[in-house]
Amino acid sequence: MSDCLFCKIADGKIPAKIIAQNDHALAFRDLNPQAPTHVLIIPRKHIATLNDLTDGDAELVGRLHLLARQVAADEQLNDGWRTVFNVGAHAGQTVFHIHLHLLGGRTLGWPPG
Ligand code: AMP
Ligand code: ZN
C-alpha cells in the first residue's frame with residue numbers, strides 16, 4: 001500500500017533498524033522504545049488491523065510469532081518477554097499495518113495500561 005509507513009519500511013523506502021527478516025516478515029526496532037528491547041514484527045503483506053485478517057492469513061500470523069521467538073532468543077530475553085497487537089482506537093493503534101510489539105529486558109507490569 002503506497003502511503004503506508006510500514007509498507008515503506010518493508011520496501012526499503014524508509015530506513016529502520018531491521019534486525020531480522022525473511023520472505024514473509026521483518027523485525028525492526030521501535031523508534032520510541034518502551035522497554036530495553038522493543039521490536040516490531042510486521043508481515044510484508046499489508047493488513048490494516050487484526051480485524052482485517054482472513055483465514056488465508058492464519059499461517060502468516062503464526063510466522064510473525066515464530067520470528068518474535070527468534071528475536072527474543074537473539075536478544076537473550078531469557079527471563080521473559082511479551083508480545084502485543086494493538087487493535088483500533090481504544091488500544092492505541094496508530095499505524096494501520098499490523099505489527100506485533102515484542103517487549104522485554106525489564107519486568108513488565110500487568111495489567112497493561
Ligand atoms: P501502535 O501504537 O501499536 O500502532 O504502534 C506503533 C508503533 O510504531 C509505536 O510504538 C511507534 O513508536 C512505532 N513507530 C512509528 N514510526 C516508526 C518508525 N518509522 N520506525 C520504527 N517504529 C516506528
Ligand atoms: Zn502497509
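Helices (H or I, at least four residues) and strands (E, at least two) are DSSP runs, numbered from the N terminus. The model is predicted, so that local features need pLDDT of at least 70 and side-chain atom pairs count only at pLDDT 80 or more, while totals for chains, interfaces and linings use all residues. Residues are numbered from 1 along each chain as its sequence is written, chains are lettered from A and ligands numbered from 1 in the order in which they are written, and side-chain values use heavy atoms, with hydrogens and water left out.

**Exercise 1.** Describe the order and pairing of the strands in the sheet.

*Solution.* Begin with the pairing criterion, under which two strands pair if DSSP finds at least two bridges between them. The open sheet is formed by five strands in the order 1-2-3-5-4, with antiparallel pairing. Its edges are strand 1 (18–21) and strand 4 (81–84), each of which pairs on one side only. Neighbouring strands are turned by 20° against each other on average, direction ignored, where axes are lines fitted to C-alpha atoms, for helices over the stretch in contact, and angles run from 0 to 180 degrees between N-to-C directions.

Next, follow the partners of strand 3 (residues 37–43), which is joined to strand 2 (residues 25–29) by five bridges. Along this pair, alanine 25 stands opposite proline 43, and arginine 29 opposite valine 39. Strand 3 also pairs with strand 5 over five bridges in the antiparallel sense, and here threonine 37 stands opposite glycine 104.

**Exercise 2.** Work out which residues coordinate the zinc ion (ligand 2), and why the arrangement is called tetrahedral.

*Solution.* First list the donors, which are N, O and S atoms within 2.8 Å of the metal (3.2 Å for Na, K and Ca); water is not among the atoms, so sites may look incomplete. The zinc ion (ligand 2) is coordinated by Cys4 (SG), Cys7 (SG), His46 (ND1) and His97 (ND1), at 2.0 to 2.3 Å. Then examine the angles: the four donor atoms subtend 105 to 116°, which makes the arrangement tetrahedral, since four donors count as tetrahedral if all angles lie between 85 and 135 degrees.

Cysteine 7 in helix 1 (residues 5–10) and histidine 46 in the loop between strand 3 and helix 2 are 39 residues apart and link distant parts of the chain. Cysteine 7 is buried, with a relative accessible area of 5%, whereas histidine 46 is partly exposed, at 25%.

Definitions and conventions:
Tetrahedral: all angles 85-135°; square planar, octahedral: opposite > 155°, others 65-115°. Buried < 20%, exposed > 50% of the residue type's maximum accessible area, 1.4 Å probe, protein only.
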